[in-house]
Amino acid sequence: MRSPDTHTAGGCPYVVVKPLHRECLLGSSESGLRHPDSQLLDRWDTASPALEGELLKRIGPRLNPAFQLRYGTATPTPCRPRSGHGKIRAASIPGLFWRGWTLRLNPGGLFDPLPYRQALSVLLQIARLGDLDYAAARSLLGLPSASNAVCPHFTKKLRQASAWEPVLAVLSQLARTLDDHPAPIDYGRRRRWRRLSAATLDDKAWRAACKQIRYRTSERQERFARLHLIELLTGSHPYYFPEPLTLSPSLDGEDYTTFVFTLPAQLSAHLHQQAQILLQRLHIDEPATWEPPIDWADTITWPGPHPDDVRPAQLWELARHGLTRSAIATRLHTTPEHIHLAAIRHPQPWTRRHSPGPGTQSPPIALPGEHKLRTYVGQGLRPGQIARLTGCSHQRISQFLTSSGIGPPLSREVLRTLDPAWPREQYEDNHRSFADIAADLGIPASDLSRHARKLGLAIRHGVTARKHILADHGGPDAFSTTIWTVFATRGAEQRIRRLLAIPGHPNLNHAAKHLGVRKAVLTRQVDCLEQAVAVTLLETAPNSQRIRLTPDGETFVQDIAPVLAMLD
């Protein structure tokens with residue numbers, strides 16, 4: 001007769017986990033100790049796979065995201081992670097996660113695509129592997145070093161958006177499939193070989209292809225074409241290429257994005273052909289580009305849209321009217337990254353535009369109806385965008401919107417009646433941004449910015465141009481001067497939370513290792529806080545030789561605690 005405390009899994013009896021799970025989590029009542037969930041399996045070296053899997057299913061939701069990935073808690077059969085497989089896995093993963101999969105894992109365009117693609121690649125690299133941390137994973141993927149808090153930032157946001165569970169399931173399933181069926185592309189080799197990671201463009205062939213379709217090219221466009229060729233081969237992005245190929249986001253970033261977005265189908269096919277020829281010359285039998293089939297992750301409720309939800313014909317019809325990526329995204333109720341991906345997958349064939357002959361005049365285009373204009377305005381389109389979309393002149397659209405009361409108020413009328421003291425108070429005292437203030441007034445931020453300069457406001461630039469993090473929580477009148485000053489600079493919340501994690505450590509070096517930052521960075525952040533509050537916050541206890549808060553530090557923590565709780 002089987003004991004009531006045993007069950008069967010896979011034909012093998014094993015002990016019921018629940019009481020043992022509770023004991024391991026809470027510790028013995030005699031010692032009063034508590035054991036972290038992530039260390040629980042270290043006490044089960046002799047456990048059977050069935051018992052181990054059952055235990056993992058129970059404690060999985062309480063593990064941190066890194067351990068959930070390593071142990072595959074979102075899969076039907078969670079198990080101990082394997083070791084010594086990092087380089088093999090890295091060969092199947094690009095430095096930036098595949099665009100189509102990233103779109104499907106980005107709920108409502110919550111994240112900036114490029115940093116999120118980096119984070120997803122790192123998370124996939126550590127999935128079901130037990131001997132890698134974030135830094136080692138980034139190194140294997142050829143990514144620049146970054147704080148270990150980068151990935152936790154994304155997982156925290158995903159949890160807040162209730163999207164972490166599907167992302168975890170997708171990454172776990174994808175890791176298992178790639179281990180069983182490696183990618184047809186060796187991304188590790190493409191990152192190592194300079195003939196691929198710094199590939200050169202066949203200029204003559206490119207110019208011939210441009211000439212064939214009467215497409216005007218330039219030296220700058222040839223540079224962009226080379227960067228896009230390397231992007232196709234490596235799965236990375238020019239922002240992360242080594243010098244001197246690195247592209248500056250502020251100088252050329254938007255122009256490069258526009259180049260790729262508007263690249264004609266003929267030239268897109270030509271660059272793919274150049275990539276394939278280069279691989280053949282190196283005797284590499286691989287496709288130029290590749291992305292895992294979407295059915296590799298089944299029974300998943302995807303948090304993001306499907307790439308094919310945007311119809312190419314509709315996309316290029318809007319583009320022919322001069323709408324930008326963002327305007328098209330607004331018009332189609334999606335994100336700019338979704339529009340960009342659709343353009344890459346279905347590039348527009350190039351047709352040379354012909355201007356009307358001399359002496360001919362096009363008939364005037366009728367204005368759209370009032371209902372249609374209200375729809376455009378409700379979608380957030382400005383008069384210039386509506387003009388390009390409908391084919392009417394900007395002036396006619398603006399006049400009609402103003403006369404019918406549909407459009408936003410004229411900036412000059414709003415600013416003429418505005419009390420000059422109010423924008424000064426909102427911008428200088430409350431640290432609100434021009435975009436935020438302009439939204440309240442219903443006018444463009446650029447018009448308010450010009451008006452502010454005429455009023456003599458001290459315009460903030462760089463990091464000081466940001467909106468104060470407490471501006472939406474009552475402004476400076478709702479907080480003490482010390483609290484408002486401490487939060488006035490970028491990264492203040494991070495500095496404060498790190499300060500709270502320091503007490504109890506023997507020294508700053510030990511605390512920095514625990515937080516995953518360099519000691520110099522942590523020291524600088526503590527100094528910055530102490531300068532802001534003009535008191536010493538930390539000291540070393542003489543008896544225990546551990547860092548503790550000073551009396552002023554304890555007062556500061558008491559004052560700051562409700563503010564941090566409000567920001568959570």
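User: Start with charge pairs. How many salt bridges are there?

Analyst: The general idea comes before the count. Side chains of opposite charge can pair when their charged atoms come close. In this predicted model, the count comes to 15 salt bridges.

User: Which residue does Arg207 meet in a salt bridge?

Analyst: Its partner is Glu222, at 2.8 Å from N to O. This pair links distant parts of the chain. Arg207 sits in helix H12 (residues 203–212), and Glu222 sits in helix H13 (residues 219–234). They are 15 residues apart.

User: Are Arg207 and Glu222 buried or exposed, or in between?

Analyst: Take each end separately. Arg207 has 44% relative accessibility, so it counts as partly exposed. Glu222 has 13%, so it counts as buried.

User: Which residue forms a salt bridge with Asp252?

Analyst: Arg223 does, with the closest N and O atoms 3.4 Å apart. This pair also links distant parts of the chain. Asp252 belongs to helix H14 (residues 249–261), Arg223 to helix H13, and 29 residues separate them. Asp252 is buried because its relative accessibility is 13%. Arg223 is partly exposed, at 33%.

User: Where do Glu493 and Arg497 lie?

Analyst: Both are in helix H27 (residues 492–501). They are four residues apart, about one turn of the helix. Glu493 is partly exposed, with a relative accessible area of 22%. Arg497 is partly exposed too, at 30%.

User: Which residues do salt bridges with shared partners join into one network?

Analyst: Arg220, Arg223, Asp252 and Asp255.

User: What volume does the largest cavity have, and which residues line it?

Analyst: The volume is about 60 Å³. The lining consists of His228, Val260, Leu263, Ser268, His272, Ala343, Ile344 and Pro347. Helix H15 (265–281) and helix H18 (336–345) each supply at least two of the lining residues. By class, five are nonpolar, three are polar and none is charged.

User: And what lines the second largest cavity?

Analyst: Its lining is Arg99, Thr102, Leu103, Asn106, Pro113 and Glu337. The volume is about 30 Å³. Helix H5 (residues 99–104) gives the most to this lining, with three residues. The classes come to two nonpolar, two polar and two charged.

User: Which residues are buried in helix H24?

Analyst: H24 spans residues 434–441, and its buried residues are Phe434, Asp436, Ile437, Ala438 and Leu441. They pack against helix H22 (411–416), helix H23 (421–429) and helix H25 (445–455). Just after H24, Gly442 takes a positive phi of about 75°.

User: Pick one more helix residue. Where is Val521?

Analyst: Val521 is in helix H29 (residues 519–533). Its relative accessible area is 18%, so Val521 is buried. Sequence and space can then be read together. Val521 and Arg495 are 26 residues apart in sequence and 9.9 Å apart in space, C-alpha to C-alpha.

User: Last topic, the cysteines. How many disulfides are there?

Analyst: A disulfide is a covalent bond between the sulfur atoms of two cysteines. In this model the count comes to zero.

User: Are Cys79 and Cys151 buried or exposed, or in between?

Analyst: Cys79 has 29% relative accessibility, so it counts as partly exposed. Cys151 has 3%, so it counts as buried.

Methods:
Residues are numbered from 1 along each chain as its sequence is written. This is a predicted model: local features need pLDDT of at least 70, side-chain atom pairs count only at pLDDT 80 or more; totals for chains, interfaces and linings use all residues. Side-chain values use heavy atoms; hydrogens and water are left out. Buried means under 20% relative accessible area, exposed over 50%, partly exposed in between (1.4 Å probe, protein chains only). A disulfide is a pair of cysteine sulfur atoms within 2.5 Å. On a 1 Å grid over the protein atoms alone, a cavity is a set of points where a 1.4 Å probe fits but cannot get out, and a pocket is an open set with protein on both sides within 12 Å along at least five of seven lines; lining residues have an atom within 4 Å of a point. Grid points are joined across faces, edges and corners, and a volume is the space filled by probe spheres set on the points. Ala, Val, Leu, Ile, Met, Phe, Trp, Tyr, Cys and Pro count as nonpolar, Asp, Glu, Lys and Arg as charged, and the others, Gly among them, as polar. A salt bridge is a side-chain nitrogen of Lys or Arg within 4 Å of a carboxyl oxygen of Asp or Glu. Contact means heavy atoms within 4.5 Å.
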